[in-house]
Amino acid sequence: MTAELVIRGGTVIDGTGAPGVRADVAISGGRINGIGEGLDGDEVLDAGDHVVAPGFIDIHTHYDAQVFWDPALTPSCFHGVTTVVAGNCGFSIAPTRAEHRDLIARTLENVEDMDVAALEAGIPWDFVTFEEYLGSVERRGIGLNYAAYIGHTALRLFVMGDDAYEREAKPDELIRMQDVLRDAMLAGAAGFATSFAPTHRGVDGKPVPSRFASPAEFEALLEVMGDVRRGIVAVAPGENVGIAALYDLQPRTGVPFTYGALLTSPTGAHRKMLEINDAGWARGAQVWPQVSPRPLMFAMTLAEPFTLNPNPAFGALMAGSLDARRDAYADRDWRAGAAEHWKGRSGFGVPRWDTFEVVESRAHPELVDRRIADIAQERGETPFDTLLDLALDEPDLALRVRVVLLNDDADEVALLLAQEHCTLGLSDAGAHVGQLCDAPEPTDFLGNWVRDRGVVPIEAAVRKLTGVQADLLGLHDRGYLREGAWADVVVFDPSTVAPGPLRRVRDFPAGSERLTADQPSGMRHLVVNGTPVQVDGDRRDQARPGRVVRPPVRVP
């Protein structure tokens, strides 16, 4: 029988980790209905000298709002991704009552660098509950498959209102949160996501609502996850719930946990986290730290210095005006207080001044691409003073600097990428769009780390991008090339695959800008649920074959 579509002549790497084989892949009715030689189809995509793999699954995105105005989910679609998971870190936009829409938008503005004007113009707000949110996405159509966590911050705001930003939940509120979480999971949420991370500050610089949750509240919500046995629990660990606690909680919950992120640190803290992970897995805990092939690097302005906000002096400025920020930067006593906070500290949250580089400066174009530390040395002052003085020279504090936080030790990154019980994550696609763009994570991994550095065989690399992620989410019919599975397929050239450059564009609602990466190398075809959305590198932008993915109940 002739199939609707055949991908012919490639090396099939099926997502199991098994060696690749030369074969054709036949597709009909959106699913794979044959893998072998000599298959015929009404439409044929040539895959000669290319790898044919399951579409990649990105488990850490923030496309919750962007999905409404950009159903292609750019730039993930350019890098072989066929399924995304949104709602990470607890920042879903549902459930949301009408009176809290502005609060949600301003939370996303501060914590994920999303433009409120774009959110106001782009979100239809034709939903209240999580079930209604998924239905709204589904009705409009999407280019890729879309799954979403219900977020702890949205859940608290829905039940507690403004008090979610102030205190722990009362017993009756906690019962209501359990009910809303259960409803969302039964409606198809991919899991429950939360954050206790000190970097996550929301409206007026306050800790996001999930950071006010007690460990008892978290455990009560985990009881629901254990009852429904669907999806996963995604955590940004921090003050109230640390990494070690996850390995005790997961076996009692019964669904896998993942946390973001395990990144290399100059302090060597990542080695300790690896030891905790190895010991946890040895005890039977299924906790998957997220690792990344890319350095954690922001290109931020001093008007919105995200990486400095964990410092209380900077955090206090988040609620104020640009003029108030300018006054603070010019105040030597304020500077001394901010600098005092960093004294004697090390690790995440403490600036690595040797990594600060000028990216944009209208006042000092001659300094672009120069390191702040070198400029400071020439001036005979601290890098902190130099940074603020250069920012004050700009009319709107628009000095943009590139900053590396973590994950820039290549040898240690290679170690993390090769770990069996770590998963790829933290692309953050859809968030921090003006400051970073790590959606090219799959092409970076395959090109720079698998081909060029040989950190893992290509079969293992494909499995990390596909089968591991599908298993983690409990998706039985995605993440693998096998008969009966949904036909999510990527075809790429392993000899040329690369992430390509980043560029800054203004294509979001209200003219908002973002970084994007739409010019990778070596990405030939992309098929979503049996429909080609990219052929020979050319996008079929009107195609919307994606589906809302709802994880099924896990079989014990």
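Is Glu 304 buried, partly exposed or exposed? Glu 304 counts as partly exposed, because its relative accessibility is 44%; here buried means under 20% relative accessible area, exposed over 50%, and partly exposed in between (1.4 Å probe, protein chains only).

Two notes before we move on. This is a predicted model, where local features need pLDDT of at least 70, side-chain atom pairs count only at pLDDT 80 or more, and totals for chains, interfaces and linings use all residues. Residues are numbered from 1 along each chain as its sequence is written, and side-chain values use heavy atoms, with hydrogens and water left out.

**Stop 1: the loop with Glu 304**

Zoom in on the loop between β14 (296–301) and α10 (312–315), where Glu 304 sits. Helices (H or I, at least four residues) and strands (E, at least two) are DSSP runs, numbered from the N terminus.

**Stop 2: an open sheet**

Now colour the strands β9, β10, β11, β12, β13 and β17. They make an open sheet of 6 strands in the order β9-β10-β11-β12-β13-β17, with parallel pairing; two strands pair if DSSP finds at least two bridges between them. Look at the edges: β9 (150–151) and β17 (423–424) each have a single partner strand, so one side of each is left without a neighbour in the sheet.

Next select residues 257–260 and 287–291. These are strands β12 and β13, paired in the parallel sense over 4 bridges. Tyr 259 stands opposite Pro 289 in β13.

**Stop 3: strand β18**

Select residues 489–492 and show the side chains. Val 489 and Val 491 point one way from β18, Val 490 and Phe 492 point the other way, and all are buried. In a regular strand the side chains alternate between the two faces of the sheet.

What does β18 pair with? Strand β5 (residues 51–54) pairs with β18 in the antiparallel sense over 4 bridges, and so does strand β21 (residues 523–528), again antiparallel and over 4 bridges. Click on Val 491: it is the bridge partner of Val 52, and its own bridge partner in β21 is His 525.

**Stop 4: salt bridges**

Side chains of opposite charge can pair when their charged atoms come close. A salt bridge here is a side-chain nitrogen of Lys or Arg within 4 Å of a carboxyl oxygen of Asp or Glu, and by this rule the count comes to 42.

Start with Glu 138 and Arg 550, whose closest N and O atoms are 3.1 Å apart. This pair links distant parts of the chain, 412 residues apart: Glu 138 is in helix α4 (residues 130–140) and Arg 550 in the segment after β23 (538–539). Glu 138 is partly exposed, with a relative accessible area of 41%, and Arg 550 is partly exposed at 34%.

Then go to Arg 283 and Asp 248, a salt bridge with the closest N and O atoms 3.7 Å apart. Arg 283 lies in the loop between α9 (269–282) and β13, while Asp 248 lies in helix α8 (residues 243–253). Arg 283 counts as exposed because its relative accessibility is 53%, whereas Asp 248 is partly exposed at 46%.

For a buried pair, select Asp 438 and Arg 294: both are buried, and their side chains meet in a salt bridge (2.8 Å, N to O).

**Last stop: a network**

Finish by selecting Glu 360, Arg 400, Arg 504, Arg 506 and Glu 513 together. These residues are linked in a network of salt bridges.
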